[in-house]
Amino acid sequence: MKTIREFLEEQINEQFIQAVLSQSRQKDGISKVKIRPVVEKGGLFYQASSQAGTKVFHKNYKREELLSYIEEAMRETFGQLQIQGRQKDGSVLVSRKGKITMKTRNHETLPPARIQPHNRVKNYILKEGTAVPFLVDLGVMTAEGRIVSSKYDKFKQINRFLEFIEDILPRLSREREITILDFGCGKSYLTFAMYYYLKELKGYDIRIIGLDLKADVIETCSRLAKKYGYEKLSFCQGDIANYEGTEEVDMVVTLHACDTATDYALEKAVRWNAQVILSVPCCQHELNRQIKNELLAPVLKYGILKERISALLTDGIRAELLAAWGYEVQLLEFIDMEHTPKNLLIRAVKTGNKKNMDGLRRMLDELHADPTLLRLLCQTEENPEGKGV
């Protein structure tokens with residue numbers, strides 16, 4: 001059997017595109033590391049971007065240094081390594097008992113990695129100066145590829161969202177069609193961006209369905225999808241709670257679905273066994289009407305504080321519930337707070353490892369809270385780790 005070092009020697013080569021270390025065994029500190037090739041004056045390096053909370057730290061390694069770093073990180077800190085290459089992907093899993101599982105999977109040849117200078121202007125996935133048809137029609141770009149000044153924040157938001165998707169590419173199969181559902185797609189800036197990035201730039205076989213309540217929005221988006229020749233991008237009118245148009249989905253996206261609409265989308269994602277969930281919640285009112293706590297009463301009497309505390313608690317509870325139903329969950333900053341207060345993104349990746357809910361159950365009892373997502377999940381499927389909730 002190969003050692004991790006031997007496996008890395010084969011994977012980190014001229015075909016290497018990126019790697020992600022995840023499933024940290026430490027409660028605090030670095031939760032994930034993303035690795036990519038960069039160029040400095042001294043030649044080719046590998047930049048490790050380590051995420052700790054909302055902060056990201058960068059460090060560059062030569063190849064041998066990188067191999068030693070990853071080997072030690074898998075032994076001491078992380079339980080999973082995903083490597084993406086031009087022709088082959090690799091993965092390493094280390095169980096809590098120390099069992100090591102290494103796998104590789106061949107796929108169609110991808111374009112070479114975009115190796116950029118280390119000290120560079122922000123490198124967006126969608127480039128300034130290169131006109132993208134849907135961004136032109138949606139008013140974000142001019143026909144010459146210049147970003148419309150009033151839409152620059154939207155341009156940054158789209159690219160930031162695509163970076164979140166880039167991180168989870170190793171979880172999307174290349175062997176079959178991938179189904180993605182976008183609940184509450186609205187004008188569909190990000191829906192079109194997903195299709196363009198995954199289909200046109202990355203070559204994935206995908207089908208994306210956008211759902212929204214507004215008939216005029218659906219009509220416009222459907223017309224644009226047809227104009228661009230996006231045959232596997234469709235839009236339909238309807239609400240999240242009653243949508244039953246499919247039985248299996250690979251990725252569910254829900255952006256700014258108001259209040260408990262987010263909960264209905266998350267429950268459906270779990271029921272469909274979605275491998276990836278990306279959710280930016282909005283207007284979290286439910287807990288604000290419910291929570292009561294004698295110890296916190298002096299603070300909760302201030303309406304604005306109760307509203308903010310309720311919003312944070314709502315998304316923390318959602319994250320814990322997804323973890324209890326077998327997901328690895330991260331709460332990430334979507335875009336800078338100066339652009340919008342609705343900037344928290346829940347990213348959940350299916351692992352099958354279910355987290356115990358005892359602590360969450362005690363907290364909900366203390367707050368007198370009965371969140372919609374918990375009720376929906378318990379109706380859908382009993383969670384062995386959450387019995388009696």
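The second largest cavity is lined by Asp263, Glu286, Leu287, Thr314, Ile317, Arg318, Leu321, Pro371 and Leu373. The model is a predicted one, in which local features need pLDDT of at least 70, side-chain atom pairs count only at pLDDT 80 or more, and totals for chains, interfaces and linings use all residues. Residues are numbered from 1 along each chain as its sequence is written, and side-chain values use heavy atoms, with hydrogens and water left out.

**Second largest cavity**
- On a 1 Å grid over the protein atoms alone, a cavity is a set of points where a 1.4 Å probe fits but cannot get out, and lining residues have an atom within 4 Å of a point.
- The volume of the second largest cavity is about 50 Å³, a volume being the space filled by probe spheres set on the points, which are joined across faces, edges and corners.
- Two or more lining residues of the second largest cavity come from each of α8 (286–290) and α10 (303–324); helices (H or I, at least four residues) and strands (E, at least two) are DSSP runs numbered from the N terminus.
- α10 supplies the largest share of this lining, 4 residues.
- The lining of the second largest cavity comprises 5 nonpolar, 1 polar and 3 charged residues, where Ala, Val, Leu, Ile, Met, Phe, Trp, Tyr, Cys and Pro count as nonpolar, Asp, Glu, Lys and Arg as charged, and the others, Gly among them, as polar.

**Largest cavity**
- The count comes to 2 cavities of 30 Å³ or more, and the largest has a volume of about 170 Å³.
- Its lining has 13 residues, of which Ser22, Gln80, Asp167, Ile168 and Val349 lie nearest the centre.
- β1 (16–24), β5 (78–85), β14 (327–333) and β15 (344–350) are the elements that give two or more residues to the lining of the largest cavity.
- By class, this lining has 4 nonpolar, 4 polar and 5 charged residues.

**Packing of α10 with α11**
- α10 packs with helix α11 (residues 358–367) at about 150°, their axes being 11 Å apart; axes are lines fitted to C-alpha atoms over the stretch in contact, and angles run from 0 to 180 degrees between N-to-C directions.
- α10 is therefore roughly antiparallel to α11, a term for angles over 145 degrees.
- The contact (heavy atoms within 4.5 Å) joins Leu313, Ile317, Glu320 and Leu321 of α10 to Leu360, Met363, Leu364 and Leu367 of α11.
- The contact of α10 with α11 has 7 nonpolar, no polar and 1 charged residues.

Methods: On a 1 Å grid over the protein atoms alone, a cavity is a set of points where a 1.4 Å probe fits but cannot get out, and a pocket is an open set with protein on both sides within 12 Å along at least five of seven lines; lining residues have an atom within 4 Å of a point. Angles under 35 degrees count as roughly parallel, over 145 as roughly antiparallel, 65 to 115 as roughly perpendicular and the rest as oblique.
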